[in-house]
Amino acid sequence: MRIIAALLVLPVTAFCQPAPPVDTTLPPPVQREFRALWVATVNNMDWPSRPDLTTAEQQRELLAILDRAAALKMNAIVFQVRPEADALYVSELEPWSRYLTGQQGRPPSPLWDPLEFAVTESRKRGMELHAWFNPYRLAFWRERERSAQHISSRRPDLVRTYAQFLWLDPGLRESRSLMMRAVLDVVRRYDVDGVHIDDYFYPYPEISSATGQVIEFPDAPTFHAYQRNGGTLSRADWRRNNVDELVQEFYQAVKAEKPWVKVGISPFGIWRPGVPATTTAGLDQHNELYADVRKWLNEGSLDYLAPQLYWPVRPADQSYPVLLRWWVQENLKGRHIWPGLALYKLPLTGPRRMTADDIVEEIGITRATPGATGHIHFNARVLMNNVQGIGDRLAAIYDEPALVPASPWLDSIAPAGPNVRVTDSTGSQVVRFEAQPGDSVWQWVVQARLAGAWHTTVLPRSRESLILQGPHAAADAVAVTAVDRTGNASAATVVPRPR
C-alpha cells in the first residue's frame, strides 16, 4: 500500500514523458488494407439495375459504382461475371447472361464487353478487379428459358434439379472441368487481378413445402456409380472430397496460368456450429454445403479467405470478433483474411437488421485484429443508395489511401526505387517518375511533405507524372515508391526541394 501511495503523489510528468520527435525525413509507410466492394449481377442485384438498359446506360451505371468506390479510397472491385454458367463478357464457351440483355444468349447491342470495360476503368482508378464465379449454379429459376449454348441444354446429363434451381452435379469430374474451363478462359484473356468463388458449393438446404423436410440433393446415381467403381467414402465425405478437388484444381490451374492472379473464396462465416465454443448458432457448412473451409485455409489452397461474417458484434453465438479471431487462428499458411461485411442488412427491418454503427465498429475490430488485413462490403446497391449514410461513414474512416496487402508467397522481390524528377512550374510542382530498367511497376505512391506532414496519393501504373497544385505546390520534399503486381514496395526515392 505504501508503494501505491507513493506512486499516487508522483508528478504527472513522471508518467507522461514527451514522445521522441517524429522523423519526417522519410515518408511514413502507406497503410495496407484491402477495401473492396462486391458487385453482384445475379437477379440484377447491383448491376445492371435492369436487364433492358441500353449499352450506354449500362456503362454509366457501372462507371458510377467504380467512381463511388474510388472516391471512397477503396482499392478493389469483386465483379460477378458468371452467375449461372453464363457470361457478362465475350465468351465462346458460355452464353451471354440474361441479366445483361433480358434473354440468355442475346448479345448486347451495340456490342461491348462489360468485364473488359470494368478491368480498364478499374485500372484508371487505381483499383484491382477480381472476377467472381459461381461454380455449380446453372439457373436461379429453373423454369426460365435457356439458351441452346447453355450447359443445361448441351449436357443435360450433368444437371440436377434442386428446388427452384438447376445445379451441376459436383460429383462428376466433367462438372469441375466445365467450371475450370470458364475460369481459365477469363484468366488467359483478361488482365484480372484475382478470381473469386463464393459459398455456393452444394446448394443451401431447401425445405419441401409438402413435407416440411429438407430436400435431398439428387446425386444418388453419381454416388452409387462411385461405390461401384470401388469408392469407400461415406456419402458426406465423398461430397466434401468433390468440393476439395474443385478448390485444389482451381488454385493450381490459375497459378499455372498466371501466378500473380490471386485466388479468393468467400464461404459462409461459420465453419461448424460450436466452433469456436461460444458459437452455437448457424448452418453447418461442413455437413450441408460440404465445404471444409478450415482444411483449405490450413493447407493454403487460396490466397485470401473472405468469410461472410454477416453478424453484429453481439450476441456471442454469432459474434463478429469471435468468429474473426477463430478464422485468423486457423490461418496456418499466413494467407490474407478479408472478412465480408453485411451492408445488405442496413435496409432490413426486424431482428436481422444491422446499422452503419455496426459496420464501422467491425472495421475497427478488423483493423485491431492481427492477421486480418482488410474487408469486402456486400453489396454495392446499398452503398450507392447511401443507406443510413454508410457512404459518408466510410469516407470518414477511409481518410487516407491504402495499398492492397502484399502476397509474399506469390513473389517477395520488391522493385528498385524509381527515378524521380521534380520541376517547378507556375504555382505548381511537376513530379515525374519512371521505373528502373527491368522492373515491372503496378502502382506508384507519391508523397509530398508540407509543414512536416506527408500527404499521400496512389496512382495506377499508366501515370508517369503528378502535378502538385494549391497548398501542395509548397511541398518541401517529394517521395515516390514503386509497387509491383503482388504488392511489394520499393524503397522511397526522396527528392528534397530547396526553399
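## The largest nonpolar core

In this predicted model, the largest nonpolar core has 122 residues, of which F79, L115, V192 and V195 touch the most other members. Such a core is a set of buried Ala, Val, Leu, Ile, Met, Phe, Trp, Tyr and Cys residues joined through side-chain atoms within 4.5 Å, where buried means under 20% relative accessible area, exposed over 50% and partly exposed in between, with a 1.4 Å probe and protein chains only. Helix α6 (residues 173–189) supplies the largest share of this core, eight residues; helices (H or I, at least four residues) and strands (E, at least two) are DSSP runs numbered from the N terminus.

Leaving aside neighbours within four places in sequence, L115 is in contact (heavy atoms within 4.5 Å) with F79, V81, L88, Y89, L129, V186, Y190 and V192. Another core, of 16 residues, lies apart from the largest one and includes V420, V422, A448 and A475.

## Contact of helices α2 and α4

Residues Q59, L62, L63 and L66 of α2 meet P114, F117, A118, E121 and S122 of α4 in a contact.

## The position of T41

T41, which is found in the loop between β1 (34–39) and α2, counts as buried because its relative accessibility is 0%. Not counting residues up to four places away in sequence, T41 touches W47, F79, Q80, P83, L88 and Y99, whereas T41 and K124 are 22 Å apart in space, C-alpha to C-alpha, and 83 residues apart in sequence.

## Basis of the values

Residues are numbered from 1 along each chain as its sequence is written, and side-chain values use heavy atoms, with hydrogens and water left out. Because the model is predicted, local features need pLDDT of at least 70 and side-chain atom pairs count only at pLDDT 80 or more, while totals for chains, interfaces and linings use all residues.
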